[in-house]
Amino acid sequence: MAVKKMVQAVFVVGLVVTMMNVWGVVSVEGAISCNQVVSAMTPCATYLLGNAATPAAACCPSIRGLDSQVKATPDRQAVCNCLKTQAQSYGVKLGKAANLPGLCKVTDLNVPISPNVDCSKVH
């Protein structure tokens, strides 16, 4: 049952982000789109939503793939803005989100996830 809810939540997140991009609600600067971020985070959903003690096996390789695409400040700011919005909308456990870069050993993707973060100050 929990897996079904997680799949539904991930589907809804992807659909909402896609529609927001189509309607022009989300403005993303940088080469990384919010769709790419959501897609990369999908294998981590059970962990980030608090339904698993550790990230799924596919989580860290997916996060590292996204990390390899982050090249500059605009990319990190785009990731930050996307994660900030998604975390607020879907109840991501902020402590787990903060631990994910260390668990997955990523460097460029290490952006704060908080409702109060000013993503324009992420470098």
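Which pattern does the protein follow, read along the sequence? Read that way, the protein follows α-α-α-α-α-α. The views below come from a predicted model, in which local features need pLDDT of at least 70 and side-chain atom pairs count only at pLDDT 80 or more, while totals for chains, interfaces and linings use all residues. Residues are numbered from 1 along each chain as its sequence is written, and side-chain values use heavy atoms, with hydrogens and water left out.

**View 1. The whole chain, helix by helix.** The secondary structure comes to six helices and zero strands. Helices (H or I, at least four residues) and strands (E, at least two) are DSSP runs, numbered from the N terminus. Of the 123 residues of the protein, 33% count as buried. Here buried means under 20% relative accessible area, exposed means over 50%, and partly exposed is in between (1.4 Å probe, protein chains only). Among contacts between residues at least 6 apart in sequence, 76% join residues at least 24 apart; a contact means heavy atoms within 4.5 Å.

**View 2. The largest nonpolar core.** This core has 30 residues, and those with the most contacts inside it are Val-37, Leu-48, Ile-63, Val-79 and Leu-100. A nonpolar core is a set of buried Ala, Val, Leu, Ile, Met, Phe, Trp, Tyr and Cys residues joined through side-chain atoms within 4.5 Å. At least two core residues come from each of helix 2 (34-41), helix 3 (45-48), helix 4, helix 5 (73-90) and helix 6. In soluble globular proteins, nonpolar side chains tend to be buried together. Take a look at Val-37: leaving aside neighbours within four places in sequence, Val-37 is in contact with Ile-32, Leu-66, Val-79, Cys-82 and Leu-83.

**View 3. Helix 2 against helix 4.** The axes of these two helices come within 8 Å and cross at roughly 155°, and that makes helix 2 roughly antiparallel to helix 4. Axes are lines fitted to C-alpha atoms, for helices over the stretch in contact, and angles run from 0 to 180 degrees between N-to-C directions. Angles under 35 degrees count as roughly parallel, over 145 as roughly antiparallel, 65 to 115 as roughly perpendicular and the rest as oblique. From helix 2, Gln-36, Val-37, Ser-39, Ala-40 and Met-41 meet Ser-62, Ile-63, Leu-66 and Gln-69 of helix 4. By class, this contact has five nonpolar, four polar and no charged residues. Ala, Val, Leu, Ile, Met, Phe, Trp, Tyr, Cys and Pro count as nonpolar, Asp, Glu, Lys and Arg as charged, and the others, Gly among them, as polar.

View 4. In helix 2, the buried residues are Cys-34, Val-37, Val-38, Ala-40 and Met-41. They cover an arc of only 165° around the axis, so they sit on the same side of helix 2. The arc is that of the directions from the helix axis to the C-beta atoms. Helix 4 buries Cys-59, Cys-60, Ile-63, Leu-66 and Asp-67. Their arc is only 120° around the axis, which puts them on the same side of helix 4. Helix 2 and helix 6 are among what covers the buried residues of helix 4.

**View 5. Helix 4 against helix 6.** Helix 4 (residues 59-69) and helix 6 (residues 94-104) pack at an angle of about 90°, with their axes 10 Å apart. The two helices are therefore roughly perpendicular to each other. Cys-59, Cys-60, Ile-63 and Arg-64 in helix 4 meet Leu-100, Leu-103 and Cys-104 in helix 6. The residues of this contact divide into six nonpolar, no polar and one charged.

**View 6. Leu-48 and its partners.** Leu-48 lies in helix 3 and, at 6% relative accessibility, counts as buried. Not counting residues up to four places away in sequence, Leu-48 touches Met-41, Gly-91, Val-92, Lys-93, Lys-96, Ala-97 and Leu-100.

**View 7. Ala-53 in its loop.** You will find Ala-53 in the loop between helix 3 and helix 4. At 69% relative accessibility, Ala-53 counts as exposed. Ala-53 and Lys-96 are 43 residues apart in sequence and 9.2 Å apart in space, C-alpha to C-alpha.
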